[in-house]
Amino acid sequence: MFVDSHAHIDGPEFDADRDAVLERAQAAAVTTILNVGTGDPHSGVFERAIELGRRYDRVYTAIGVHPHDARFYDDRAESLIRELLKTGERVIAWGEIGLDFHYDNSPRDVQEEVFRRQLRAARDCGLPVIIHTREAETETIEILQSEYTGAERRGVFHCFSGSRDLALRALDLGFLISFSGIVTFRKADDLRALAQEIPLDRLLIETDCPFLAPVPYRGKRNEPAYVVEVARCIAELRGLQIEQVAELTRANFESLFDPFAPASAR
Ligand SMILES: [Zn+2]
Ligand SMILES: [Zn+2]
């Protein structure tokens, strides 16, 4: 039984055939999906993600303001997220949050400030965080070191495509590393080398669908069933059976996000 630890299935890309997509996931033994709500927090995207999680038993929800949308973050957004975390069912993480200096969809200083604020708020709520970082490695680590302190720093660097140095620093801070379909791409030798090196109790797998479909689906719309291809690739790299990768990434997912704990105990 596989876990897709990061997917975006609440969006319009899946409106036409969402039930079929989730049936294919089930048929492929992808029994748990963490759906990540993103977008302008004032546009109803988080409510939409939570509603989806309510409708499907095996879908959990994360909400948080993506660095692309940092310019929309304000006090009202923060109180909305806090409120939804309290009242929404099966909302198990704050994210995705972080820095994206590749696209620069929001100004960098705004991204940094909003990342800091959300880290503080997540720590305050006792929720693990999902980190998105692109071309901002030094800044990401510095901010995590200064803002996300405490007995334990819980979270994951999702869709990892950074340097080995970033991975080691993230591990050092206590984070997990999640691999997406990128690890199956022909040119991703460095990433595959890294996937051989990450401790097995720190690994997660994800699709980040609808983007980044793994080989042999590359270029198509991605969907949770394809997380099996990511697991297959990791299994080959580590000399494991695919079932072992499924089992260990599920155990890691459960220990990080604690999906079975009641909201009040988090
Ligand atoms: Zn991301
Ligand atoms: Zn994402």
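Helices are taken here as DSSP runs of at least four residues, numbered from the N terminus. In this predicted model, helix H6 spans residues 164–172, and just after H6 the residue Gly-174 adopts a positive phi of about 100 degrees. The buried residues of H6 are Leu-166, Ala-167, Ala-170 and Leu-171; they lie on the same side of H6, because the arc that they cover around the axis is only 135 degrees. An α-helix has 3.6 residues a turn, so residues three or four places apart point the same way. The cover over the buried residues of H6 includes strand S6 (155–157), strand S7 (176–179), helix H5 (137–147) and helix H7 (189–195), together with S5.

Two zinc ions are present in the model, and the zinc ion (ligand 1) lies 3.4 Å from the zinc ion (ligand 2), with Glu-96 bridging the two. The zinc ion (ligand 1) is coordinated at 2.0 to 2.1 Å by Glu-96 (OE), His-132 (ND1) and His-158 (NE2), and the spacing of these donors along the chain is E-x35-H-x25-H. Within this site, Glu-96 in strand S4 and His-132 in strand S5 (residues 129–134) are 36 residues apart, so that the pair links distant parts of the chain; both Glu-96 and His-132 are buried.

Most residues other than glycine have a negative phi, and most peptide bonds are trans. The peptide bond from Gly-95 to Glu-96, by contrast, is cis, with omega near 10 degrees, and a cis peptide bond, with omega of about 15 degrees, also joins Cys-209 and Pro-210. Leu-212 counts as partly exposed, at 30% relative accessibility. Asp-104, although not a glycine, has a positive phi of about 50 degrees; Asp-104 is placed in the loop between S4 and helix H4 (108–125) and is partly exposed, with 34% relative accessibility.

The packing of helix H2 (residues 45–55) against helix H3 (residues 75–87) shows an angle of about 10 degrees, with the axes 11 Å apart, so that H2 is roughly parallel to H3. This contact is made by Phe-46, Glu-47 and Ile-50 of H2 and by Leu-80, Ile-81 and Leu-84 of H3. Ala-49, also located in helix H2, is buried, with a relative accessible area of 0%. Apart from its neighbours within four places in sequence, Ala-49 is in contact with Asp-10, Asn-35, Gly-37 and Thr-61; the C-alpha atoms of Ala-49 and Thr-61 are 6.7 Å apart, although the residues are separated by twelve residues in sequence.

Terms used
Residues numbered from 1 in each chain as written. Chains lettered and ligands numbered in written order. Predicted model: local features only at pLDDT ≥ 70, side-chain atom pairs only at ≥ 80, totals over all residues. Heavy atoms only, no water. Donors = N, O, S within 2.8 Å, 3.2 Å for Na, K, Ca; no water. Helix = DSSP H or I, 4+ residues; strand = E, 2+ residues; numbered from the N terminus. Buried < 20%, exposed > 50% of the residue type's maximum accessible area, 1.4 Å probe, protein only. Arc of directions from axis to C-beta. Contact = heavy atoms within 4.5 Å. Axes fitted to C-alpha atoms, helices over the stretch in contact; angles between N-to-C directions. Parallel < 35°, antiparallel > 145°, perpendicular 65-115°, else oblique.
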